[in-house]
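Open the model in your viewer and get ready to select residues. Follow the stops in order.

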Amino acid sequence: MSDVASVLFPATDIRLRVGELGEALTRDYAGRPPVLVSVLKGAAVFLADLLREIHLPARIDFMSISSYGPASKSSGVVRIVKDLDEDVGGEDVVIVEDIIDTGLTLSYLISTLQARKPRSIEVCTLLDKSVRRIAPLELRYVGFDCPDRFVVGYGLDYRERYRNLPDILSVDDMAALAADPDVLTPFLEGRAARRRAEPG
């Protein structure tokens with residue numbers, strides 16, 4: 001199992017960093033609670049934890065998008081599958097992302113939201129895979145800089161598996177994962193075993 005994947009960002013580090021991001025957002029948006037806009041599904045776990053660390057009456061909204069072209073490549077041109085429920089005109093918007101790599105899709109999303117005349121738009125991402133950046137972006141809130149690896153856990157998935165891992169794993173053997181998508185299940189089972197062993 002350890003030959004297939006390894007822990008890149010442990011749950012303890014993630015919790016600490018999410019708390020720091022929440023403090024920064026609370027400070028920066030004091031007196032003007034933001035609208036946190038999350039793109040389904042990957043950022044949902046991060047959004048839930050981040051929201052609990054923001055001590056303002058912030059509200060949340062969701063979008064779901066689908067990229068045109070092959071799933072393995074990002075053209076940056078997307079189709080909106082689910083739009084926002086509320087208007088963001090005149091609002092301070094924070095786009096909450098799980099991971100940003102090329103930045104093409106995010107750039108398209110920002111331009112789409114800017115057309116709705118919000119007061120401001122900023123981005124808060126848990127992971128920034130900056131080594132793969134194509135589109136120029138200014139990211140105000142970043143959890144971790146991510147190496148150019150395929151990652152799963154904490155909302156990030158492989159074929160809809162492993163979003164519920166508390167850690168973020170780096171997949172070191174993609175061929176093994178492709179051959180057996182359940183090969184990382186022991187990481188989930190290990191988590192359950194550790195919880196059973198905890199006192200109280």
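In what order do the strands of the open sheet of three strands run? The order is E1-E9-E8, with antiparallel pairing. Strands are DSSP runs of E, at least two residues long, numbered from the N terminus. Two strands pair if DSSP finds at least two bridges between them.

A note before you click: this is a predicted model, where local features need pLDDT of at least 70, side-chain atom pairs count only at pLDDT 80 or more, and totals for chains, interfaces and linings use all residues. Residues are numbered from 1 along each chain as its sequence is written, and side-chain values use heavy atoms, with hydrogens and water left out.

Stop 1: E8 and E9 pair in the antiparallel sense over three bridges. Pick Val-152: its bridge partner in E9 is Leu-169.

**Stop 2: the aromatic pairs.** A search of the whole structure finds two. Rings of Phe, Tyr and Trp (its six-membered ring) pair if their centres lie within 6.5 Å; planes under 30 degrees apart count as stacked, over 60 as edge-to-face and the rest as tilted.

Select Phe-9 and Phe-144. Their ring centres are 4.5 Å apart and their planes at 25 degrees, so the pair is stacked. Phe-9 is in strand E1 (residues 5–9) and Phe-144 in strand E7 (residues 141–145), 135 residues apart.

Next, select Phe-150 and Tyr-158. Their ring centres are 5.9 Å apart and their planes at 90 degrees, so this pair is edge-to-face.

How values were computed: Helices (H or I, at least four residues) and strands (E, at least two) are DSSP runs, numbered from the N terminus.
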